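The stops below say what to select and what to look for.

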Amino acid sequence: IDGLAASSTDKLRDWIVFFSEQCEISSARAETIYSELLPELCMLARQTGRKVIVKLHPFESLRVRKAMVDRTVRSEDRSLVELRKGPMTPDLFDRAWFTVTVESSVAVESTMNGVPCFLCGWFDASWYEYARQYEKFSAGYWLDSPMSVRQIPQLLERIKITDATRGALH
């Protein structure tokens, strides 16, 4: 799609960062979220010349999640996906065009670092509605379905993370 390629001002913003979670704790299925979300993120990465970084939760297994990626992402898109384990590093936000999570508090951290975070609202199974709370304080933007990922470039044009937004999250 013409017009979606990363501009020179976005050159350092060459990653789409998905903060994975150990969904199995809440009886959810990680494979379901991977199979719904990753193909859409890969399509957007391919269209814009970016890479999808899957930052694993400390309790997730790299081996198990890699096998999951191999099952849920088309073979021609696997080179677009990089799994990362270990501690949070500054480049995760420095290079992120945007971030994605289900209901992780990383939505707040992302916003504090000036990076818009999108919440997989269709998958939020929490009794506590954490994702809705993040959205209420502009620490995340709700996506209704995996297909909503396709709207992210247009949504990013309207999102402005201000000092007031950051201040409200302290």
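Begin with strand β1, which is covered on both faces: W15, V17 and F19 on one side and I16 and F18 on the other are all buried. This is a predicted model. Select residues 15-19 to show the whole of β1; 5 of its 5 residues are buried.

Select residues 51-55 for strand β2, which runs parallel to β1 and is joined to it by 5 bridges. Within this pairing, F18 has V54 in β2 as its bridge partner. Then select residues 96-101 for strand β4, also parallel to β1 and joined to it by 4 bridges. Here F98 in β4 stands opposite I16.

Now move to a pair of helices. Select residues 30-48 for helix α1 and residues 62-72 for helix α2; they pack at an angle of about 50°, with their axes 9 Å apart. Because of that angle, α1 is oblique to α2. The crossing of α1 past α2 is right-handed.

To see where these helices meet, show the side chains of A30, E31, Y34, S35, L38 and P39 in α1, together with R65, M68, V69, R71 and T72 in α2. The residues of this contact of α1 with α2 are 6 nonpolar, 2 polar and 3 charged.

For the last stop, select residues 163-168, helix α7, and pick out T165 within it. Is T165 buried or exposed? T165 counts as buried because its relative accessibility is 14%, under the 20% cut-off. Leaving aside residues up to four places away in sequence, T165 touches T111, F137 and S138.

Terms used. Residues numbered from 1 in each chain as written. Predicted model: local features only at pLDDT ≥ 70, side-chain atom pairs only at ≥ 80, totals over all residues. Heavy atoms only, no water. Axes fitted to C-alpha atoms, helices over the stretch in contact; angles between N-to-C directions. Helix = DSSP H or I, 4+ residues; strand = E, 2+ residues; numbered from the N terminus. Parallel < 35°, antiparallel > 145°, perpendicular 65-115°, else oblique. Left-handed = near helix turned anticlockwise from the far one by under 90°. Contact = heavy atoms within 4.5 Å. Nonpolar A, V, L, I, M, F, W, Y, C, P; charged D, E, K, R; others polar. Buried < 20%, exposed > 50% of the residue type's maximum accessible area, 1.4 Å probe, protein only. Pairing = 2+ DSSP bridges.
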